[in-house]
Amino acid sequence: MTRRRPNIILVNCDQLRSFEVGCYGNPVIRTPNIDRLAREGVRFETAVTNFPVCMAARSIMLSGQYNRTCTGGVSNVAFPWRLHGANMPEYPDAGRPHLPDRTLPECLREIGYHTAAIGKWHIHSWPHDIGFDYYVIPRVHHCHTGQCFTENGGPEFVPEGFSVDFESNRAAEYIRALAGQDRPFFMYYSISPPHCPVADAPEKYLRMYRPEEVPIRPNVDLNKPLKHQDHWFRVYRYDFRYYEMALPYTEHLPPGYGLRELIAEYYGLTTWADDALGGVLRALDETGLAEDTIVVLTADHGDNLGSHGLVQKGGPNEEAVRIPMILRWPSGVEGGVVASDQIASLVDLMPTLLDLAGAPPQPHVHGVSMAPVIRGESTATDRPHAVIETEQGVAVRSLDHMYFLPFEDDSRALAEDPTQFYDLEADPYEMRNLAEEPASDTARALDATLREWDASTPWMEG
């Protein structure tokens, strides 16, 4: 008798860096559900995004291709929404402007999967245009109350309460609706927190962590104000209701509000995201589907939160690029495993999940399958690094180094010399930039790797 293919749930938390997850060593944060996945599955110690911006990272995740190929290199601030004469459209563009090749949901649907997308979308094409049978997605702009949704492209509606809880409940309902069916399912479940607006959240999460108790990374200088600090605090707390709508209440910050207070709220929203995940895990347990369902927990990118005086994301630094990546499959892989010899990245998720599902490999995919590492057949793949695209240039991240080459002026050509080179084993907080020192053998090898990748990875034209 042929074994039924496993269900697959790909959980993406927005702007969650690995440093604020319990199983990655944070002593204060409460993430019991993520930590449970790590105990029962495989946790990649070093995982990175391939583009530290929302839309680009999500496109990579579902296409298995680097952003320059699947979207032409666009990110949140370089999308053709400017043709609309507005900041950004509330929903995707018609047709299929990006992701021209077969996506993860399309490949899974071809081998019998029912496919669904629930939660934040932020991809340039509609879900139904890239392989999803069912979807419930919100508008592009971030908010956790008063958020508008569409189900399968139908009329907008605004659910009661917080959108994060609504999405968690819909994901659980989807699992229960498909329990007992012979057809496997793939669900892309995208959780918006801890992405801003951090103030738009239940009070219990906003007061859950005391600012004086949150750990501060050594590359954060609390004595030096951030550039345009109050502006960025308002962006974090209120998002588009401040920077676009300019609602009067968003001009005000709580008395004494500083970086510690922001980080404490980020911690609270991280626990909220963990609780949302918990609802999905309970649905799997209650329906008996947990044993043969692959659950992947990851994030599209991290958050600087004041490290090096930076905010938000976008650059090739550890706080922006390091993400959690955990895979649990009780009937298929051993639990409690830490994969410490493999650099995991978002571009690898599609080939990995197709491999685990027994689907044929796809020649247009850029990532590599990490299934041998997950199954315990090897400690690492034959690709010992990850490539990270940004708007300013391209980086290569090995287990112990980060090397970044900027673009020349406004061109796509890589510069002759790096502007960032860090020995992360000796300098994990990137305090000493080695870029201007005489090139070492390691630097020359990483430079060659990056230029070879650049020459062999095409840009999508059009």
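Okay, so a search of the whole structure turns up 31 salt bridges, a salt bridge being a side-chain nitrogen of Lys or Arg within 4 Å of a carboxyl oxygen of Asp or Glu. Keep in mind this is a predicted model, where local features need pLDDT of at least 70 and side-chain atom pairs count only at pLDDT 80 or more, while totals for chains, interfaces and linings use all residues. Residues are numbered from 1 along each chain as its sequence is written, and side-chain values use heavy atoms, with hydrogens and water left out.

Which residue does Asp14 pair with? Lys120, and the closest N and O atoms are 2.1 Å apart. Asp14 sits in strand β1 and Lys120 in the loop between β3 and β4, 106 residues apart. (Strands are DSSP runs of E, at least two residues, and helices runs of H or I, at least four, numbered from the N terminus.) Both Asp14 and Lys120 are buried, meaning under 20% relative accessible area; exposed is over 50%, partly exposed is in between, with a 1.4 Å probe and protein chains only.

Next, Arg36 bridges to Asp285 at 3.1 Å between the closest N and O atoms. Arg36 is in helix α1 and Asp285 in helix α9, so this pair ties together parts 249 residues apart in sequence. Asp285 is partly exposed, at 37%.

Then there's Arg210 with Glu213, 3.3 Å between the closest N and O atoms. Arg210 is partly exposed at 48%, and Glu213 is partly exposed at 44%. Shared partners also join Asp14, Arg58, Lys120 and Asp300 into one network.

Last stop, helix α5: residues 163-178. Its buried residues include Phe166, Tyr174 and Leu178. Just after α5, Gly180 has a positive phi of about 90°.

Note on methods. Expected span 1.5 Å × (residues − 1).
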